[in-house]
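Visitor: Can you walk me through this one? Please keep it short.

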Amino acid sequence: MSWLYLVGAGLFEIGWPVGLKLAQVSGQRWLGIVIAILCMACSGGLLWLAQRDITIGTAYAVWTGIGAAGTFLVGVWFFGDPASLGRYLGVLLIICGVATLKLAA
């Protein structure tokens, strides 16, 4: 169950930078701020639950890895962030590192 909490925490970790990005759009400021705050709270709460059974180093690396890779993909797909082979390879390395931590745990 702890790994499900951790994956959920990582997915909510994607939500708060997206909320902050939305808060920069005129007319969506407060919605974006509310989304960011709710996602931060959910992400932190689920990370706290996951750390009951998963070591702090592994949990933190997986949490930030999911957040970083997911936020990168959302940025490219929905916000027009630059994409290049090098940037995709960098995200692939993050994913491989997270998978290695999971398999080695």
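**Helix H2 and its surroundings**

Guide: In H2, the buried residues are Gly32, Ala36, Cys39, Ser43, Leu46, Leu47, Leu49 and Ala50. Seen down the axis of H2, they fall within an arc of 165°, so they line one face of the helix. That arc is taken from the directions from the helix axis to the C-beta atoms. Buried means under 20% relative accessible area, exposed means over 50%, and partly exposed lies in between (1.4 Å probe, protein chains only).

Visitor: Where does the model come from, and how do I count residues?

Guide: This is a predicted model, where local features need pLDDT of at least 70, side-chain atom pairs count only at pLDDT 80 or more, and totals for chains, interfaces and linings use all residues. Residues are numbered from 1 along each chain as its sequence is written, and side-chain values use heavy atoms, with hydrogens and water left out.

Visitor: Back to H2. What sits on the face turned away from its buried side?

Guide: That face carries the exposed residues Trp30, Ile37, Leu38, Ala41 and Trp48.

Visitor: And what do the buried residues of H2 pack against?

Guide: They pack against helix H1 (2-22) and H3. Contact here means heavy atoms within 4.5 Å.

Visitor: What span should H2 have?

Guide: H2 covers residues 29-50, which is 22 residues. At 1.5 Å a residue, H2 should span 32 Å, and its end C-alpha atoms are 31 Å apart, which agrees. The expected span is 1.5 Å times one less than the number of residues.

Visitor: How far is Ile35 from Leu6?

Guide: They are 29 residues apart in sequence and 19 Å apart in space, C-alpha to C-alpha.

Visitor: Now the core. Which residues in the largest nonpolar core touch the most other members?

Guide: Leu6 and Leu47 do, in a core of 15 residues. H1, H2 and H3 are the elements that give two or more residues to this core. The largest share, 5 residues, comes from H3. A nonpolar core is a set of buried Ala, Val, Leu, Ile, Met, Phe, Trp, Tyr and Cys residues joined through side-chain atoms within 4.5 Å.

Visitor: What does Leu6 touch?

Guide: Not counting residues up to four places away in sequence, Leu6 touches Leu47, Ala50, Ile54, Ala59, Val62, Trp63 and Ile66.

Visitor: And Ala69, where is that?

Guide: Ala69 is in helix H3, residues 56-79. Ala69 is buried, because its relative accessible area is 6%. Not counting residues up to four places away in sequence, Ala69 touches Val91 and Ile95.

Visitor: New topic. How many disulfides are there?

Guide: A search of the whole structure finds 0. A disulfide is a pair of cysteine sulfur atoms within 2.5 Å.

Visitor: Last one. How many helices and strands in the protein chain?

Guide: There are 4 helices and 0 strands. Helices (H or I, at least four residues) and strands (E, at least two) are DSSP runs, numbered from the N terminus. Buried residues make up 33% of the 105 residues in the protein chain.
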